[in-house]
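Biologist: Hello! Could you walk me through some charged and nonpolar side chains in a model?

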Amino acid sequence: MRCARINDVGVYTPGQVVEETGFSLDTLRYYERIGLLEPVDRNAAGQRRFSEDDVSWLGMIRCLRDTGMPIAEMLRFAQLVRQGEHTIEDRIALLAEHDRKVEAQIADLRQKQSGIQRKIQYYKDVLTMRDMLPGCEQAS
């Protein structure tokens, strides 16, 4: 964990959580407001203090968000987690469906990457031909 601890109990300031997770303060507040993040503890002055569990949960949320899971599905996942162990099969099903979508995205990107690589090779071939045949004009 990159966060520096405030004390031995593993409590983090909002700034440290922003640095660790890459989420903005506004995003953290939003996630707490909509229930994606459980209410964050506060110190005597009313300042938010995040636990190691909060930071770990936000890491999972970052993974799901970065792989394109809609907020509604993330909220469903959070709800299932909070309901307890009897929802593990439902969590597996939700994550497996998301994994299938991620695999499809990767396959689509690989196909597009292949097209880019073919175009790169085409242009390399054009340069090779130009260098071999003096007087050839540059292709577009």
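Modeller: Gladly! A salt bridge is a side-chain nitrogen of Lys or Arg within 4 Å of a carboxyl oxygen of Asp or Glu. Please keep in mind that this model is predicted.

Biologist: How many salt bridges does the structure hold?

Modeller: Side chains of opposite charge can pair when their charged atoms come close. In total, the number of salt bridges in the structure is seven.

Biologist: Which residue forms a salt bridge with Glu32?

Modeller: Glu32 lies in helix 2 (residues 25-34), and its partner is in the loop between helix 2 and strand 2 (50-51), so the pair ties together parts that are 16 residues apart in sequence. The closest N and O atoms are 2.8 Å apart, and the partner is Arg48.

Biologist: Is Glu32 buried or exposed?

Modeller: Buried means under 20% relative accessible area. Glu32 has 15% relative accessibility, so it counts as buried.

Biologist: Where do Arg100 and Glu97 lie?

Modeller: Their side chains meet in a salt bridge, 2.8 Å from N to O. The two residues are three apart, about one turn of the helix, and both lie in helix 5.

Biologist: Which residues make the nonpolar surface patch of about 310 Å²?

Modeller: One member, Met129, is found in helix 5 (residues 88-132). Met129 counts as partly exposed because its relative accessibility is 45%. The patch is made by Met129, Met132 and Leu133.

Methods. Residues numbered from 1 in each chain as written. Predicted model: local features only at pLDDT ≥ 70, side-chain atom pairs only at ≥ 80, totals over all residues. Heavy atoms only, no water. Patch = residues over 30% accessible without salt bridge, like charges linked within 9 Å, V, L, I, M, F, W, Y side chains within 5 Å. Areas by Shrake-Rupley, 256 points an atom, 1.4 Å probe, with all protein chains shown as cover. Helix = DSSP H or I, 4+ residues; strand = E, 2+ residues; numbered from the N terminus. Buried < 20%, exposed > 50% of the residue type's maximum accessible area, 1.4 Å probe, protein only.
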